[in-house]
Amino acid sequence: MRTIEIFDTTLRDGEQSPGVNISTNEKVEIALQLEKLGVTRIEAGFAAASPGDQKSVAEVAKRVKNSAIVSLARAVKGDMDKAYEALRHAQNACLHVFLATSPIHREHKLRMSKEQVLEKAVEAVTYAKKYFTEVQFSAEDAARTEIDFLAEVVEAVIKAGATTVNIPDTVGYMTPYQYGNIFRELRQRVPGVEGIRLSCHCHDDLGMAVANSLAAVEAGATQVEGTINGIGERAGNAALEEVALALETRKDFYEATTKLNLKEIARTSQLVSRLTGMIVPGNKAVVGANAFAHESGIHQDGVLKEATTYEIIRPESVGFKSNKLVLGKHSGRHAFKEKLVELGYHLEQEEIDAAFASFKELCDKKKEISDDDILALVDGKMVRGTEMYRLESVQLSYGNLSVPTASVRLVRADGSTCEEAACGNGSVDSIYKAIDRATGEEVSLTDYKILSVTQGQDALGEVFVRLQQGDLTVIGRGVSTDVLEASAIAYVRAINKILERRGEALVAATS
């Protein structure tokens, strides 16, 4: 039984999803959960992309202890220098350097000959080995590269010191049979390939990323790259939770497994969804809301008699629980703390106290408190970093024959308050216009989503907003039993993110 190593790029390739912009604190939170999941390598970002990315990679490198931390870099010395600076405090660091090899990239993007590409690849790996013991080389668009030239590049970078070679299907073009054959050919043609990790990285443009990744494993790949929930550039990447469960469920066929703690999959999926604002579709394999739901009478009858009639995966095996009602208004602080630990939180006492106070407030509004309620509540309260503004109150005047009017009161970081009122086309529009006046910020609302966290008339409402100001795009999230309050909270938090990132950009420009 082979062990397949897992390379997670949620924080790098996943963040390249249109509209997703994860803060440093959010990246650290996701990275710690990926560590708990048992990911072998966490690609924390592209250190040379921006000062913010370099800071995020450095913070993740400081906090994570049990997974290797990776930074992406082009085959450029400056990129590799910045990656080294960001990763210098990591207990186990790896540089991921890439260079395109396909004819279309050589001709139109790089404007380099085969010889020049080969020379640059070797030069990059050689330079990287001065800093790093672990160096991964990716032949960008390898899947559309001539097999003879690809084998030549792979052999050369192995001789230069690469410890992992990645063969990406960068544009999701391959079929499983074709992609698997690339790995078979390389294993036959390249001397020394058995001594390094041979990695696959598949995009989902034709919906075959997971199938292609599994075909690579079948053909001898020893590392799979992907993201949680399959997020990423364009149509996304291979969903790691689907790859892991396929290998676990079909050990008889693949004769391979991972070291992931599968019971952490649901928690990891939910965290990534909340912090990126990318909602998991109900029909999503493994982690979708309907993945273990049975509506057909025939299916229900079969499952009640024997679960394996229609369930090849038990919900408990990936961390979903059947018991929904756990805590209530009579629950104490100790029981609440234990529930937080069970749900994957390890908070400071001050954070526990704040979450417990909010929990008690929720108990007065809801009769039944589920795990999903607690997850939403705590994640909603865990806003780290400096908040320039905090929503203190919102009041509305609305009638179907009158103009909606909202007034808001915000508390600034220095403790002072500001109040404004505005009219709008609806309740939410009037709230947002009032907040714009109070903060003095001009932003564009590019997306707005409302979700129900749980069921019932007293369900928590979860609101995601996406705001844009110039080149900055951020996501804000708010949770409340009142969706209008949740909408206001989400908007204010998005404004705070814009102010924070604008400040970081200003510091970077003047330093």
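What covers the buried residues of helix 2? Let's go and look. A quick note before you click: this is a predicted model, where local features need pLDDT of at least 70, side-chain atom pairs count only at pLDDT 80 or more, and totals for chains, interfaces and linings use all residues. Residues are numbered from 1 along each chain as its sequence is written, and side-chain values use heavy atoms, with hydrogens and water left out.

**Stop 1: helix 2**

Select residues 51-63. That is helix 2, with 13 residues; helices (H or I, at least four residues) and strands (E, at least two) are DSSP runs, numbered from the N terminus. From first C-alpha to last, helix 2 reaches 19 Å, close to the 18 Å expected at 1.5 Å a residue; the expected span is 1.5 Å times one less than the number of residues.

Now colour D53, S56, V57, A58, V60 and A61, which are buried. Buried means under 20% relative accessible area, exposed means over 50%, and partly exposed is in between (1.4 Å probe, protein chains only). Here is the answer to the opening question: the cover includes helix 1 (24-37), strand 3 (41-45), strand 4 (68-74) and helix 3 (77-87).

**Stop 2: the barrel**

Show the strands next. Eight of them close into a barrel in the order 2-3-4-5-6-7-8-9, with parallel pairing; two strands pair if DSSP finds at least two bridges between them. Neighbouring strands are turned by 25° against each other on average, direction ignored.

To see one of the pairings, pick strand 2 (residues 5-8) and strand 9 (residues 223-226), which pair in the parallel sense over four bridges. Click D8 and its bridge partner in strand 9, G226. Helix 3 packs on this sheet, touching strand 4 and strand 5 (93-100), and its direction makes about 160° with that of strand 4. For such angles, axes are lines fitted to C-alpha atoms, for helices over the stretch in contact, and run from 0 to 180 degrees between N-to-C directions.

**Stop 3: the cores**

Select I69, F137, I167 and F183: these have the most contacts inside the largest nonpolar core, which has 99 residues. Such a core is a set of buried Ala, Val, Leu, Ile, Met, Phe, Trp, Tyr and Cys residues joined through side-chain atoms within 4.5 Å. Helix 6 (residues 147-160) gives the most to this core, with nine residues.

Stay on I69. Leaving aside neighbours within four places in sequence, I69 is in contact (heavy atoms within 4.5 Å) with residues including I42, V60, A61, L87 and C94. Apart from this core lies another, of 27 residues, among them V408, I431, A486 and I498.

**Stop 4**

Seven bridges join strand 14 (residues 405-412) to strand 15, and S407 has A421 as its bridge partner in strand 15.

**Last stop: a ring cluster**

Finally, pick Y84, Y127, Y131 and F132, which ring pairs link into a cluster. Rings of Phe, Tyr and Trp (its six-membered ring) pair if their centres lie within 6.5 Å; planes under 30 degrees apart count as stacked, over 60 as edge-to-face and the rest as tilted.
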